[in-house]
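Dear colleague,

I am passing on the structure below, and after it I set out what was found, beginning with a term that the rest relies on.

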Amino acid sequence: MMQLDNQMATVFNALGDPARIEMVRRLSSGQPHPISAVSSGLGITRQGARKHLQVLVDARIVSLEPKGRDVYVHLTPESLDVAKVFIAEVERRWDARLDALRRFVENQD
Amino acid sequence: MNTMIQDTIRRELVLRAPKERVFQAIADPTKIVSWFPDRVEGKMAKGERSVFDFSDFGKVAIHVVASDPSDYFAYRWVPSIGASEEDPLKQANTLVEFRLEEVSDGTKLTLTESGFASLPKEVIEKSLSDNNEGWDIMMARLEKYMAA
């Protein structure tokens with residue numbers, strides 16, 4: 001089976017959890033929300049919420065912005081942009097093929 | 001029309017090898033199998049359809065549009081993630097171009113693949129879901145929750 005590009009695998013993992021999917025849904029209006037609003041009522045501790053949010057940050061699905069005593073969560077869904085993911089995957093494949101071409105033509109003496 | 005803003009992928013590299021050798025590596029079906037498809041059906045001649053066989057990843061038809069030793073080789077195919085043996089000229093396709101230029105260290109190769117902006121969105125989505133188990137499930141789940 002096709003090996004997933006690292007970024008795609010990260011995105012899949014990030015979205016593969018019900019708490020994280022719910023957090024993303026709450027942000028889907030496009031408005032930033034404080035952490036408390038994003039994670040309330042999910043049955044997770046504040047520490048648990050920060051861990052989940054870090055997974056989403058690492059996948060570049062959200063970003064965090066400290067604002068006074070609160071931290072606001074912004075949706076930054078470029079990783080979910082199908083077109084960008086596709087182009088990135090095509091580029092990754094070309095880079096691998098061009099490396100192989102280099103090895104082939106430079107090792108013939 | 002799709003959401004693709006970027007139309008072209010471009011890569012430039014200098015290979016420490018003579019231009020003629022690089023061109024043969026790209027245009028000769030007996031040589032391209034050393035670094036690209038595992039097998040080639042057809043002669044990769046200009047104006048003809050050939051097939052790149054990537055074994056587990058399937059077969060992809062190409063239509064060669066130019067083969068000018070040792071400067072330029074170009075073909076059209078259906079974008080590289082999906083596999084399709086159908087005639088690329090009869091569907092949305094991209095143009096792959098290899099340009100070679102002699103430089104002091106060897107050969108400068110410029111690769112471009114263009115035409116992404118004109119690919120229908122469905123082609124891109126199908127290509128991603130055909131080749132990434134769970135992609136379509138993941139996207140369906142996300143859409144469902146976004147709409148709730």
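Predicted model: local features only at pLDDT ≥ 70, side-chain atom pairs only at ≥ 80, totals over all residues.

A residue is called buried if its relative accessible area is under 20%, exposed if over 50%, and partly exposed in between, with a 1.4 Å probe and protein chains only. By that rule B:Tyr75 is buried, at a relative accessible area of 1%, and B:Trp77 is buried as well, at 2%.

Residues are numbered from 1 along each chain as its sequence is written, chains are lettered from A and ligands numbered from 1 in the order in which they are written, and side-chain values use heavy atoms, without hydrogens and water.

The model scores ipTM 0.87 and pTM 0.74, and chain B averages a pLDDT of 86, with 81% of the residues at 70 or above.

As for the aromatic rings, those of Phe, Tyr and Trp (its six-membered ring) pair if their centres lie within 6.5 Å, and planes under 30 degrees apart count as stacked, over 60 as edge-to-face and the rest as tilted. The count comes to 14 aromatic pairs over all chains. The rings of A:Trp94 and B:Phe36 have centres 5.5 Å apart and planes at 45°, so this pair is tilted. B:Phe36 is buried, at 9% relative accessibility, and A:Trp94 is buried too, at 3%. The rings of B:Tyr75 and B:Trp77, with centres 5.1 Å apart and planes at 80°, form an edge-to-face pair.

How values were computed
pLDDT = per-residue confidence, 0-100.
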